Amino acid sequence: MAAPVFSQKYFPRDGKVKFFSDASMEKIEAVNKSATAVLDAATGKMEWKVLIKGFLFEKALMQEHFNENYLESSKYPNATFKGEIANLSEVNLSKDGTYNAKVKGKMNIHGVEKDVETTGTVKVGGGTITIHSEFTVKCSDYGIKIEAQKVSNIANEIKVTVDAALAPMK
């Protein structure tokens, strides 16, 4: 078992969430470079918050439709995740190395909360914890409606990538 780290909290210096929709007629990508998070190294518990309006698109019209028609960011301004590293005994946050992590918790998008489980990598080195994960989110699971005439432009399954470098709070 990993040596306990006494209530050391880590916060992002650089938190990035990216999503990619690969539909038959159009590929849509957006990135948000201002994700906030906290990771408690002693318990493996973590919380993430992403401002929906913080996603930047290649085309301004896509960004407008994303915020107004799909994610309704005025009504649901944030996406959140509250959970933990489920296999913390296999992830030594106090020892340099790269670890495979299993994460589980509750994700809230568009006002809908769902249980989620995913995997990722946790790299510990030089006082920094770097997190990487890729997973899929189904729009329909979160009440995000895609009109029939837009299904060839917007995929129901969206690939989400999370990359963050976390440093200890001083």
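These legends describe close-up views of a predicted model.

**View 1. The hairpin of strands 8 and 9.** Strand 8 covers residues 112–125 and strand 9 covers residues 128–138. The two strands run antiparallel and are joined by six bridges. Together they form a hairpin, with two residues between them. Gly-125 stands opposite Thr-128 of strand 9. In the turn, Gly-126 has a positive phi of about 60 degrees.

**View 2. Strand 9 against strand 10.** Strand 10 spans residues 157–168. Ten bridges join strand 10 to strand 9, and the pair is antiparallel.

View 3. Thr-161 belongs to strand 10. Its relative accessibility is 8%, so Thr-161 counts as buried, the cut-off being under 20%.

**View 4. Pro-168 and its contacts.** Pro-168 also lies in strand 10. Pro-168 has a relative accessible area of 24% and is therefore partly exposed, a class that lies between 20% and 50%. Residues up to four places away in sequence aside, Pro-168 touches Gln-8, Lys-9, Tyr-10 and Gly-127. Gln-8 is 160 residues away from Pro-168 along the chain, yet their C-alpha atoms are separated by 6.8 Å.

Terms used: Residues are numbered from 1 along each chain as its sequence is written. This is a predicted model: local features need pLDDT of at least 70, side-chain atom pairs count only at pLDDT 80 or more; totals for chains, interfaces and linings use all residues. Side-chain values use heavy atoms; hydrogens and water are left out. Two strands pair if DSSP finds at least two bridges between them. Helices (H or I, at least four residues) and strands (E, at least two) are DSSP runs, numbered from the N terminus. Buried means under 20% relative accessible area, exposed over 50%, partly exposed in between (1.4 Å probe, protein chains only). Contact means heavy atoms within 4.5 Å.
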